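Take a moment to turn the model around on your screen before reading on.

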Amino acid sequence: MKAIFIHKDSLLRDSGLSVQAEPDSWRLVPATLEAVRTLAADDTLVFLYAGAEGGDSAPQGLQVLARQVEAAGGRVDGLISCPHAP
């Protein structure tokens with residue numbers, strides 16, 4: 001089994017979004033959603049993660065991104081966020 005870990009900032013940058021914007025305003029572009037969708041396979045897990053720099057919005061932001069990926073036919077196997085201060 002393999003795993004791919006994708007930092008939330010990478011997804012946002014790929015879609016031309018600001019990491020400073022409110023998570024509810026994030027809308028991943030179709031090319032980003034397709035790229036994440038193609039990563040998931042029977043032998044590969046996909047995790048989204050955010051470090052301490054994500055602050056209090058990290059868990060909410062990860063959920064927003066995961067919902068968009070899944071709505072586009074992709075799969076997210078887990079969300080990882082660091083609860084510690086930067």
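## A strand on the inside

Let's begin with strand 2: five of its seven residues are buried, so this strand is largely enclosed by the rest of the structure. Here, buried means under 20% relative accessible area, exposed means over 50%, and partly exposed is in between (1.4 Å probe, protein chains only). Helices (H or I, at least four residues) and strands (E, at least two) are DSSP runs, numbered from the N terminus.

Before going further, keep in mind that this is a predicted model, in which local features need pLDDT of at least 70, side-chain atom pairs count only at pLDDT 80 or more, and totals for chains, interfaces and linings use all residues. Residues are numbered from 1 along each chain as its sequence is written, and side-chain values use heavy atoms, with hydrogens and water left out.

## The overall plan

How many helices and strands are there in the protein chain? There are three helices and three strands, and along the sequence they follow the pattern β-α-α-β-α-β.

Now for the dimensions. Along the principal axes, the C-alpha atoms fill a box of roughly 35 × 25 × 15 Å. The radius of gyration is 12 Å, which agrees with the value near 12 Å for a compact globule with 86 residues. That radius is taken over C-alpha atoms, and the globule rule is 2.2 Å times the number of residues to the power 0.38. Of the 86 residues, 38% count as buried.

Contact means heavy atoms within 4.5 Å. Among contacts between residues at least 6 apart in sequence, 70% join residues at least 24 apart.

## How the strands pair

Two strands pair if DSSP finds at least two bridges between them. Strand 1 and strand 2 run parallel and are joined by six bridges. As one example, lysine 2 has threonine 44 in strand 2 as its bridge partner.

Strand 2 also pairs with strand 3 (residues 78–81), again in the parallel sense, over four bridges. There, tyrosine 49 has isoleucine 80 in strand 3 as its bridge partner. A handy general point: in a regular strand the side chains alternate between the two faces of the sheet.

## The nonpolar core

A nonpolar core is a set of buried Ala, Val, Leu, Ile, Met, Phe, Trp, Tyr and Cys residues joined through side-chain atoms within 4.5 Å. The largest one here has 18 residues, and those touching the most other members are Ile6, Leu11, Leu28, Leu48, Leu65 and Val69. At least two residues of this core come from each of helix 1 (8–14), helix 2 (30–39), strand 2 (44–50) and helix 3 (58–71). Which element gives the largest share? Helix 3 does, with six residues.

Leaving aside neighbours within four places in sequence, leucine 28 is in contact with Leu11, Ser15, Leu17, Leu33, Leu65, Gln68 and Val69. Serine 15 counts as buried, at 11% relative accessibility. Not counting residues up to four places away in sequence, serine 15 touches Arg27, Leu28, Val29 and Thr32.

## Salt bridges

A salt bridge is a side-chain nitrogen of Lys or Arg within 4 Å of a carboxyl oxygen of Asp or Glu. By this rule there are four salt bridges. One of them joins the side chains of lysine 2 and aspartate 43 (3.8 Å, N to O). Lysine 2 lies in strand 1 (residues 2–7) and aspartate 43 in the loop between helix 2 and strand 2, so this pair ties together parts that are 41 residues apart in sequence. Aspartate 43 is partly exposed, at 39% relative accessibility.

Another salt bridge links glutamate 34 and arginine 37 (2.7 Å, N to O). These two are three residues apart in helix 2, so about one helical turn separates them. Both are partly exposed: glutamate 34 at 37% relative accessibility and arginine 37 at 33%. In a further salt bridge, arginine 75 meets aspartate 77, with the closest N and O atoms 2.9 Å apart.

## A residue on the outside

Is aspartate 42 buried or exposed? At 81% relative accessibility, aspartate 42 counts as exposed. Aspartate 42 lies in the loop between helix 2 and strand 2.
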